[in-house]
Every structure is written in C-alpha cells, then in structure tokens.
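Subject: Structure handover

Hello,

Here is the structure I promised to pass on. Please have a look at it first, and then read my notes below.

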Amino acid sequence: MDDVFSFVDGLTKRLQRPITDLEDVRGAMAALREIREAEVRIDATIGPVEESFALLNKHELLFNDRNAERVDGLTYAWRTLSGL
C-alpha cells in the first residue's frame, strides 16, 4: 500500500509542475503514460483494500491506526489523478 501511495503522490507532484517548454511537456506525457500503464495494477490493489475497510466499517470494527483514512485519501487521490 505504501508503494501505491508513494507512486500516486510522486505522479501528482510531477503533473502539478508548471509547463514552460517542450521538455516539461515530455515529462508530463511520460507521467501520463505511467498512469495508464499502472492503472490496472493500482485498481487491483486499491479495490480489495477499500472493500476490506468497508466491511470492517459495516460491522463496526474500527481501528485507530489511521489506515482507513489513508486508504480513503489514496482512493480519492488515485481517482483524481487517473481522471475517473
């Protein structure tokens, strides 16, 4: 999960950089290519974890380790990044 979080965070930062020349455009296009290539892998990783936390929440089994918040934040960041 930490790998996915750092991947999404890194790509978000790369795509937020200002574009001033052709090299910046190439960098943004490379980041978009990485998103497209990793989409299935990340969706397959986030989906089961999100469902697990939803199931725990359904049965009122809550943990105070902030992982549920991280998963929610990661899901939101990934959907924003991938344009869903």
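To begin with the largest pocket: helix H2 gives the largest share of its lining, five residues. Helices here are DSSP runs of H or I with at least four residues, numbered from the N terminus. This is a predicted model, in which local features need pLDDT of at least 70 and side-chain atom pairs count only at pLDDT 80 or more, while totals for chains, interfaces and linings use all residues. Residues are numbered from 1 along each chain as its sequence is written, and side-chain values use heavy atoms, with hydrogens and water left out.

The pocket

H2 (22–58) and H3 each supply at least two residues of the lining of the largest pocket. The lining is made up of Glu-50, Phe-53, Ala-54, Leu-56, Asn-57, Leu-61, Leu-62, Phe-63, Ala-68, Val-71 and Asp-72. A pocket is an open set of points on a 1 Å grid over the protein atoms alone, where a 1.4 Å probe fits and protein lies on both sides within 12 Å along at least five of seven lines; lining residues have an atom within 4 Å of a point. By class, eight lining residues are nonpolar, one is polar and two are charged (Ala, Val, Leu, Ile, Met, Phe, Trp, Tyr, Cys and Pro count as nonpolar, Asp, Glu, Lys and Arg as charged, the others, Gly among them, as polar). The largest pocket holds about 230 Å³ of space, a volume being the space filled by probe spheres set on the grid points, which are joined across faces, edges and corners.

The helix pairs

H2 and H3 pack at an angle of about 150°, with their axes 10 Å apart (axes are lines fitted to C-alpha atoms over the stretch in contact, and angles run from 0 to 180 degrees between N-to-C directions). H2 is therefore roughly antiparallel to H3 (under 35 degrees counts as roughly parallel, over 145 as roughly antiparallel, 65 to 115 as roughly perpendicular and the rest as oblique). Among the residues that meet are Ile-35, Ile-42 and Phe-53 in H2 and Leu-74 and Trp-78 in H3, where contact means heavy atoms within 4.5 Å. This contact has ten nonpolar, three polar and four charged residues.

H1 and H2 pack at about 155°, again with axes 10 Å apart, so H1 is roughly antiparallel to H2. Their contact includes Phe-7 and Leu-11 of H1 and Ala-31 and Ile-35 of H2. Twelve of its residues are nonpolar, two polar and three charged.

For helix H1 (residues 2–16) and helix H3 (residues 67–82), the angle is about 40° and the axes lie 10 Å apart, which means H1 is oblique to H3. Phe-7 and Leu-11 of H1 and Trp-78 of H3 are among the residues in contact.

Best wishes
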